[in-house]
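Hello,

Here is the structure I promised to pass on.

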Amino acid sequence: MRTKVLVILFLFFGLNFGNTQQIEKGEIIKDRQFLIDKKEMTASDDYGSFIAIRPHLINGTLRNYYVESYKDLNFQYRTEIETENDTDILKVFILNRKAHVLIKERDGTSISLRLDIYDIANKSLTRTSLLQVNKEDNKPLFKALKNDYFIDLNVSEYLILNLPVVEDKLTYAHVQVFDQNIDELRNFKVFADESTSHKNTSFLNVKYLNKTLYALFQLNDEDNDNLRYYRLIELTQQDKRNLDIQIPEDSYELINSKINNDHMIITGLYSHYKKSGYEGFTYYNINLSSLKIEAQKQTPFFNAAAASYFKGLFTGNRSIDINNLFIDDDFNTYIIGQFYILREVSAPVGIPIAGFTTGGISVYITVNPVSYTYKVFDDILIGKVNSQGDLDWDNILELRRTEKIKSKSNKRDSSSFICFANNQLNIFVNGFIDPEKSKLLLKQNVRMNKTNFYNIIVNPHGGIQPTIVFPNADSDIIFRAENAIISNDIIHILGQGNMRKQLLKLEL
């Protein structure tokens with residue numbers, strides 16, 4: 001067995017091997033039903049409600065699914081929900097004390113999106129249609145809906161369904177806005193530029209704030225490959241405004257965005273190469289009231305380890321995603337980049353041998369012949385940028401590990417979960433840290449009686465403090481960090497293995 005090592009070199013760190021979080025665990029339950037599918041989606045809300053949605057898969061095909069309800073951390077009941085035709089579960093969330101399950105269904109030449117709404121208290125089900133498209137009526141939208149990866153349902157004060165569509169060689173954003181009662185308020189067909197080919201147009205995301213839609217695109221000049229810019233489109237019921245943001249010439253950027261306090265932050269990495277070779281952080285701060293740029297900067301990496309990490313790194317199947325942005329009380333932005341490798345898997349009939357994520361949807365490979373390419377995340381890049389776009393600090397957390405495709409994943413945990421609470425980053429991970437070492441080393445895939453479930457805290461100054469939440473030796477079930485969900489600074493993790501389940505609650 002190969003040993004996995006995590007080496008963290010930060011500005012400074014302290015070691016705290018005492019638990020500072022409040023922990024509760026429910027009863028362990030054992031049920032042969034849990035063998036049907038051990039990969040499921042979970043959701044919680046600010047009131048402490050917790051549900052699990054578990055698909056019943058037969059040879060890779062969804063045949064009904066189960067709603068499993070928990071109260072006070074203990075399993076209460078399960079309800080089987082019938083499905084028809086070719087069905088996928090795309091998203092699960094709790095809203096107004098009801099479980100909402102986003103379903104995509106294909107029936108002949110028709111694709112539909114709906115919400116199955118399950119009342120947890122009354123054990124009743126209603127179904128609400130969001131979108132139904134027939135291939136003959138709208139071939140471009142029908143084609144766009146075939147790819148789960150691009151379908152996004154953003155849940156906040158409103159529900160915003162959005163996806164990119166290519167029609168007549170042009171890209172537009174299909175957007176529908178619903179209130180929390182799932183009544184449709186508005187729908188949009190937003191073109192970035194009706195004179196620019198879809199090959200030079202990328203739809204990035206949409207936000208909806210104060211009854212105003214903000215759609216973000218990236219455009220490439222068709223006559224000058226070095227000229228690229230972001231276009232932010234603001235749509236109200238009465239007006240439309242555009243803001244074009246020039247990307248520095250000869251620059252290529254990998255970004256994410258977030259709205260906070262009437263500002264949109266666009267940030268990520270920049271490079272002078274088309275593929276990887278990132279040299280530092282890029283940052284844009286846009287005032288949405290005036291629709292003007294307040295700050296725009298590209299800053300090279302400060303940390304030598306971070307800078308050297310990109311030299312000759314991205315060869316073959318290795319790359320990085322900007323998965324998270326967090327903004328603190330002083331409007332500083334924490335950028336989280338997660339490195340990954342692409343794995344390709346083929347599986348024999350009916351044997352689930354590997355879980356993976358595509359488009360935010362966790363699935364299992366169960367059919368043959370099949371070959372999937374999916375991401376295995378490992379190392380973490382962190383940078384802190386202030387409201388003026390200046391980089392305060394940056395660093396790399398190295399999580400080197402080998403994914404054993406054919407082994408049972410419930411035996412060990414090599415995943416991580418990152419959240420922002422108490423004005424600092426929290427990185428949850430399983431492994432072993434030796435406090436006697438001069439460097440912070442986290443070894444994974446070692447004996448379970450030596451490993452712990454850690455919260456590695458990164459404070460606003462870049463210092464780190466690993467804290468043992470609990471030793472794995474004290475747990476009958478392994479709680480995988482990647483299965484964590486957070487609501488109102490309360491984390492829930494549903495641990496499972498050997499036909500057993502247990503719910504963990506951790507209060508930050």
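Is Asp116 buried or exposed? Asp116 is buried, because its relative accessible area is 0%. Here buried means under 20% relative accessible area, exposed over 50%, and partly exposed in between (1.4 Å probe, protein chains only).

Before going further, a word on the basis: this is a predicted model, in which local features need pLDDT of at least 70 and side-chain atom pairs count only at pLDDT 80 or more, while totals for chains, interfaces and linings use all residues. Residues are numbered from 1 along each chain as its sequence is written, and side-chain values use heavy atoms, with hydrogens and water left out.

Salt bridges

The structure holds 19 salt bridges, a salt bridge being a side-chain nitrogen of Lys or Arg within 4 Å of a carboxyl oxygen of Asp or Glu. Side chains of opposite charge can pair when their charged atoms come close.

Asp116 has Arg127 as a salt-bridge partner, with 3.0 Å between the closest N and O atoms. Arg127 belongs to strand E11 (residues 124-134) and Asp116 to strand E10 (residues 110-119), so this pair ties together parts that are eleven residues apart in sequence. Strands (E, at least two residues) are DSSP runs, numbered from the N terminus. Arg127 counts as partly exposed because its relative accessible area is 43%.

Another salt bridge joins the side chains of Arg106 and Asp86 (3.0 Å, N to O). Arg106 sits in strand E9 (residues 98-107) and Asp86 in strand E8 (residues 86-95), so parts that are 20 residues apart in sequence are tied together. Arg106 is partly exposed at 22% relative accessibility, and Asp86 is partly exposed at 37%.

Asp244 and Arg231 also form a salt bridge, their closest N and O atoms being 2.7 Å apart. With Asp244 in strand E19 (residues 240-246) and Arg231 in strand E18 (residues 228-235), the pair ties together parts that are 13 residues apart in sequence. Asp244 is partly exposed, with a relative accessible area of 39%, whereas Arg231 is buried at 10%.

There is also a network of salt bridges, which links Asp31, Glu40, Arg54, Glu68, Arg78 and Lys501.

Aromatic pairs

Rings of Phe, Tyr and Trp (its six-membered ring) pair if their centres lie within 6.5 Å; planes under 30 degrees apart count as stacked, over 60 as edge-to-face and the rest as tilted. By this rule the count comes to 20 aromatic pairs. Phe203 and Phe217 make a tilted pair, at 5.4 Å centre to centre and 55 degrees between the planes. Phe203 is part of strand E16 (residues 201-209) and Phe217 of strand E17 (residues 212-220), so the pair ties together parts that are 14 residues apart in sequence. Phe203 is buried at 15% relative accessibility, and Phe217 is buried at 0%.

Phe453 and Phe470 are stacked, with 5.2 Å centre to centre and 10 degrees between the planes.

One aromatic cluster is made up of Tyr278, Phe281, Phe301, Tyr309, Phe310 and Phe339.

Best wishes

Terms used. Helices (H or I, at least four residues) and strands (E, at least two) are DSSP runs, numbered from the N terminus.
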